[in-house]
Structure formats: C-alpha cells, structure tokens
Amino acid sequence: ADALRVTDLPGPPPTALVANLPYNVSVPVVLHLLETFPSIERVLVMVQLEVAERLAAAPGSKTYGVPSVKAAWYGDVSLAGTVSRSIFWPVPNVDSGLVRLTRREPPASEASREEVFACIDAAFAQRRKTLRAALKGWAGSAVAAEEALRAAGVDPQARGEQLSVEQFAAVASARTRVSS
C-alpha cells in the first residue's frame with residue numbers, strides 16, 4: 001500500500017517504525033507516520049545519506065532545513081550510522097544512512113502543529129532572506145512578522161536555519177497572541 005495514505009493499522013497501535021524507505025519519499029513518509037501514529041516511540045530508518053544528514057542536522061549547520069526542524073518537532077533525531085553503497089547489488093549511486101528518532105513531547109506552544117509547520121515552511125521558502133522578510137506572507141506583513149519575532153525573543157534579522165524547533169514554536173505562538 002501507499003505509506004503516505006496509511007491512516008490505520010490492524011492490531012495494537014505501533015510503537016516502532018523500522019524501515020528501508022524509498023529514498024524519494026522517505027521524509028514525507030516518516031513525518032506522515034509520526035503524525036498519524038502518536039504511539040510510535042522509536043524510529044530507525046535507512047534513507048539516502050544526504051537525507052539522513054538533513055534529518056539529523058542541528059540549527060546553524062549547512063544541511064539544516066525543513067526536514068530537520070519538522071523531525072525535531074516529534075523527537076530527538078540522530079544519525080545512527082552509515083551504510084556503504086558497496087554492500088548492495090547492483091551498486092547504487094548513493095550511500096545510505098540510518099536515522100534514529102526517539103519520540104518526546106513536542107515543544108510547548110499555543111500554536112498548533114500545523115501553524116508551527118506553516119511558519120517553518122515560510123522561513124525556509126526563501127532561505128537567503130531574513131526572517132522578517134521571509135515570514136511577511138505568513139504573518140500578513142513584514143511589520144507583523146517582526147512583532148511576532150520580537151515577542152518570541154527572536155532577532156528579526158536572523159535566518160530560518162539559525163532557529164531551533166522550540167524557537168519556531170515560540171514564533172508561531174507569538175503570532176497567535178499578536179494577531180488576537
């Protein structure tokens with residue numbers, strides 16, 4: 001079946017996700033299953049190495065982006081190991097990585113997951129822009145974006161790749177408060 005359409009499984013709720021995922025849909029599949037099954041406590045998946053590095057990246061790193069922040073919403077993510085292309089036949093053109101995620105509570109936020117994810121998407125849609133500029137469409141204006149950023153204690157001149165998932169949650173919460 002299509003893993004992106006799974007909404008229910010027979011038997012008790014799953015507590016682990018262990019998979020060798022198709023590399024072209026690995027991030028959407030992991031995020032969908034974590035959202036759909038809050039019972040999943042642990043994840044260990046094999047994905048393309050570059051994707052594994054992106055999922056496990058920390059704020060400020062070169063590979064940090066939307067997958068990093070969204071995965072961090074659900075839990076603590078790390079690169080559990082690498083898998084050389086030479087162990088497969090036929091040999092693929094990419095190396096693989098094992099990603100480990102241990103679920104924890106999402107960051108405290110007055111905003112919903114959807115609102116926080118919309119903020120994350122907006123912040124990375126124009127990666128070179130400051131958050132004040134990148135979030136203006138999401139917030140309604142550059143002034144509203146700056147107000148939400150300042151209320152969350154975030155420098156409006158910062159860029160999305162510098163913020164942790166907790167800071168994104170704070171910005172989304174501040175927008176909720178500022179716009180009320």
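This is a predicted model: local features need pLDDT of at least 70, side-chain atom pairs count only at pLDDT 80 or more; totals for chains, interfaces and linings use all residues.
User: How are two packed helices described?

Analyst: By two values: the angle between their axes and the distance between the axes. Here, take helix α3 (residues 66-74) and helix α8 (residues 165-178). Their axes come within 9 Å. They cross at roughly 85 degrees.

User: Are α3 and α8 roughly parallel or roughly perpendicular to each other?

Analyst: Roughly perpendicular. Angles of 65 to 115 degrees count as that, and α3 and α8 cross at roughly 85 degrees.

User: Which residues make the contact?

Analyst: On α3, Val69, Ala72 and Trp73. On α8, Val165, Phe168 and Ala169. The residues of this contact divide into six nonpolar, no polar and no charged.

User: Next, aromatic rings. What describes a pair of aromatic rings?

Analyst: The distance of the centres and the angle of the planes. This structure holds four aromatic pairs. One of them joins Tyr74 and Phe117. The centres are 6.2 Å apart, with 85 degrees between the planes. Planes over 60 degrees apart count as edge-to-face, so the Tyr74 and Phe117 pair is edge-to-face.

User: Which parts does the pair of Tyr74 and Phe117 tie together?

Analyst: Tyr74 lies in helix α3 and Phe117 in helix α4 (residues 113-125), so the pair ties together parts 43 residues apart in sequence.

User: Are Tyr74 and Phe117 buried or exposed?

Analyst: Buried means under 20% relative accessible area. Tyr74 has 5%, so Tyr74 is buried. Phe117 counts as buried too, at 8%.

User: What is the geometry of the Phe124 and Phe168 pair?

Analyst: Tilted. The distance is 6.0 Å centre to centre, and the planes are 40 degrees apart. Phe124 is in helix α4 and Phe168 in helix α8, 44 residues apart. Both Phe124 and Phe168 are buried. With Tyr64, they form one aromatic cluster.

User: Where do charged side chains sit over rings?

Analyst: Arg113 lies over the face of Phe117, 4.8 Å from the ring centre. The charged end of Arg175 sits over the ring of Trp138, at 4.5 Å from its centre.

User: Now a loop residue. Where does Glu161 lie, and is it buried or exposed?

Analyst: Glu161 is in the loop between α7 (142-151) and α8. At 15% relative accessibility, Glu161 counts as buried.

User: What does Glu161 touch?

Analyst: Not counting residues up to four places away in sequence, Glu161 touches Pro59, Gly60, Tyr64, Phe124 and Arg127. Tyr64 and Phe124 also belong to the aromatic cluster with Phe168.

Technical notes. Residues are numbered from 1 along each chain as its sequence is written. Side-chain values use heavy atoms; hydrogens and water are left out. Axes are lines fitted to C-alpha atoms, for helices over the stretch in contact, and angles run from 0 to 180 degrees between N-to-C directions. Helices (H or I, at least four residues) and strands (E, at least two) are DSSP runs, numbered from the N terminus. Angles under 35 degrees count as roughly parallel, over 145 as roughly antiparallel, 65 to 115 as roughly perpendicular and the rest as oblique. Contact means heavy atoms within 4.5 Å. Ala, Val, Leu, Ile, Met, Phe, Trp, Tyr, Cys and Pro count as nonpolar, Asp, Glu, Lys and Arg as charged, and the others, Gly among them, as polar. Buried means under 20% relative accessible area, exposed over 50%, partly exposed in between (1.4 Å probe, protein chains only). Rings of Phe, Tyr and Trp (its six-membered ring) pair if their centres lie within 6.5 Å; planes under 30 degrees apart count as stacked, over 60 as edge-to-face and the rest as tilted. A charge sits over a ring if NZ of Lys or CZ of Arg is within 6 Å of the ring centre and within 35 degrees of the ring normal.
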